[in-house]
Amino acid sequence: MLVVEKMNTFYGDAHVLFDVSLEIREGEVVALLGRNGAGKTTTIRSIMGLTPPRTGRVIFKGENIATLPPYVIANRGVGFVPDNRRIFPTLTVRQNLELARKQGDGGKNGWTLEGIYEHFPALKEIEDRKGEVLSGGEQQMLTIARTLMGNPDLVLLDEPTEGLAPIMVMEVMKIIKELKEKGETILLVEQNSTLALGISQRAYILENGHVVYSGPAEDLIRNDEVKQKYLGI
Amino acid sequence: MTEFLSFLMNGVVLGLIFAVVALGFTLILGVMQVINFTHGILFALGAYFAFSMQKHVGFWLALILAPLLVGVVGWLLERLVIHRTYGGNPLFGLLLTFGLAMALEEVIRMVWGKAGYSVAAPRFAAGSLDLGFMIYSKYRLLLAALAILIILLVWLFLEKTPYGAIIKAGASDAEMVMALGKNLPRMRTFVFAIGSVLAGVAGVIAAPIWSVRPTIGTAILMPAFVIVVLGGIGSFWGSVLAGLIVGVSTSVSVMFWAQISDIIPYVIMTAVLLFRPRGLMGEKSVLEV
């Protein structure tokens, strides 16, 4: 589904990602782990075209999307769930969702507003509320649901549990697990490696902008040396 | 008393024109973060286009066509040059539009000359109407009704249509709108054109009560700027309210002390900003703790 080949990304003159390569197959949940500042969010922003890579290729469904503007990449089927949620504050929950609807083939699960409300009944109850008054947990649910409204073939999920109360963390993990069972393809960036590895098939570890480890999630769970060295656990 | 009422009404009419101009200005500022100094000249173009057209097509058709033509001018300006300044230093957009405004004012002088023109009110709205409590100009009443209609239409568009939702979303987080698959450059061009149409339509309806001359663009720009800051940047009703405050205070102060009417908007703006840096109805400002 997605193959990233030797991607190099800069912020101005600062070289942030060095020859990052990774691959996500259809239906897979892949974890992207690493310490703060390792380049996880930048990797997602580069794939999305928000911080385009200077060199390297991003092959999505067989085509290089590395040089396309973000809205074209989104319309090709890449969904982006940002780390700080970024709900539109002046729009209602329903407007936030409807805005993200896209024309097109409808994607794998054919999400509609009704489907979203069925899956996230809590959002239905607050559909007329403005984004600015939602709690952190509600915002997190909405930001995931909003991206699903665009029926992406691949979901880039950036730190979905960041800053949430423990009970909401479990709720969000449950949602991701359900999406996995529905066959969504997900690249999951997480600070909480234990949680992420629990639901992923494979994992990559970034350190200072380099991919330093890749392998099945089960192997990494048992590899205390690597976890200790790169993740600090 | 009657005299006061007529100054008050004139102030409301002026305020409604200001509000229409300011809404276009704040829309462009909110979505593109560009302080658009061409906004005044787009207002002037609306007045001139209407002046040239009305003789041939009449009042109503000119009311539709002239603003659309101004929208095309705005669209061209945005597509050719202004879009290049987005996301850069805000000073670039400000300087560029400032230069464009001066150049366009010269173009107006070349095409229509330096002298002012007076535009007659349409015949059906000439004369006055007895309102019971006062006698008032029919055209100014028509103008007020049109301005209110335009303000309501813009509000309905922003609040009740999907495209309005995208524009509001773009004003708070343009990058996220793009990441959700919306063609941001196209949306920005559209917003600039809509803002231009608003400036143009205000120019058309204001033409019969002002004399149309090359400097009216500059004359309307400063109040518009004051209104947007006073009302709170990005606030729809803030702009309308501030427009009315500036219009009424300018007009009524003429009655008591004509010399201060030009500076009264600035005095009010200063006083409000001292206590409320975000403006009357703006979002919490970065200047506040």
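**View 1. Helix α3 (residues 59–80) of chain B supplies the largest share of a nonpolar patch, four residues**. Helices here are DSSP runs of H or I with at least four residues, strands are E runs of at least two, and both are numbered from the N terminus. The model is predicted: local features need pLDDT of at least 70, side-chain atom pairs count only at pLDDT 80 or more, and totals for chains, interfaces and linings use all residues. Residues are numbered from 1 along each chain as its sequence is written, chains are lettered from A and ligands numbered from 1 in the order in which they are written, and side-chain values use heavy atoms, leaving out hydrogens and water.

The patch itself covers about 420 Å² of surface and is built from Val57(B), Leu61(B), Ile64(B), Leu65(B) and Leu68(B). (Patches take residues with over 30% relative accessible area and no salt bridge, joining like charges within 9 Å and nonpolar side chains, namely Val, Leu, Ile, Met, Phe, Trp and Tyr, within 5 Å; areas are Shrake-Rupley values with a 1.4 Å probe, and for residues only the protein chains shown count as cover.) Look for Leu68(B) in helix α3 of chain B; Leu68(B) is partly exposed, at 48% relative accessibility. (Buried is under 20% relative accessible area, exposed is over 50%, and partly exposed is in between, with a 1.4 Å probe and protein chains only.)

View 2. Setting aside residues up to four places away in sequence, Val73(B) touches Leu42(B), Leu45(B) and Phe49(B); contact here is heavy atoms within 4.5 Å. If you trace the chain to Gly87(B), you cover 14 residues of sequence from Val73(B), and the two C-alpha atoms are 22 Å apart.

**View 3. Arg25(A) and Glu28(A) make a salt bridge inside a four-residue network**. Their closest N and O atoms are 3.3 Å apart. (A salt bridge is a side-chain nitrogen of Lys or Arg within 4 Å of a carboxyl oxygen of Asp or Glu.) Arg25(A) is partly exposed at 43% relative accessibility, while Glu28(A) is buried at 7%. Glu23(A) and Arg202(A) join these two residues in the linked network. Over all chains, the whole structure holds 18 salt bridges.

**View 4. Two salt bridges of chain B are shown here, Arg79(B) with Glu78(B) and Glu159(B) with Lys168(B).** The side chains of Arg79(B) and Glu78(B) come to 3.4 Å, N to O. Arg79(B) is partly exposed at 32% relative accessibility, whereas Glu78(B) is buried with a relative accessible area of 0%. For Glu159(B) and Lys168(B), the N to O distance is 3.0 Å.

**View 5. Six strands of chain A line up as an open, mixed sheet in the order β6-β7-β8-β3-β9-β10**. Because β6 (78–81) and β10 (210–216) of chain A stand at the edges with a single partner strand each, one side of each is left without a neighbour in the sheet. On average, neighbouring strands are turned by 15° against each other, direction ignored. Within the sheet, β3 (residues 29–33) and β9 (residues 202–207) of chain A pair in the parallel sense over four bridges; two strands pair if DSSP finds at least two bridges between them. Leu33(A) has Ile205(A) as its bridge partner in β9(A). Helix α1 (residues 40–48) of chain A packs on this sheet, touching β3, β6, β7 (154–158), β8 (185–189) and β9 of chain A, and its direction makes about 150° with that of β7(A). (Axes are lines fitted to C-alpha atoms, for helices over the stretch in contact, and angles run from 0 to 180 degrees between N-to-C directions.)

**View 6. Chain A also has an open antiparallel sheet of four strands, ordered β2-β1-β4-β5**. At its edges are β2 (14–24) and β5 (63–64) of chain A, each pairing on one side only. Five bridges connect the antiparallel strands β1 (residues 2–11) and β4 (residues 55–60) of chain A. Asn8(A) is partnered by Thr55(A) in β4(A). α1(A) packs on this sheet too, touching β1, β2 and β4 of chain A, with its direction at about 110° to that of β1(A). Val3(A) stands opposite Ile59(A) in β4(A).

**View 7. β1(A) and β2(A) form a hairpin with two residues between them**. In the turn, Gly12(A) has a positive phi of about 65°. The two strands pair in the antiparallel sense over seven bridges, and Leu2(A) stands opposite Ile24(A) in β2(A).
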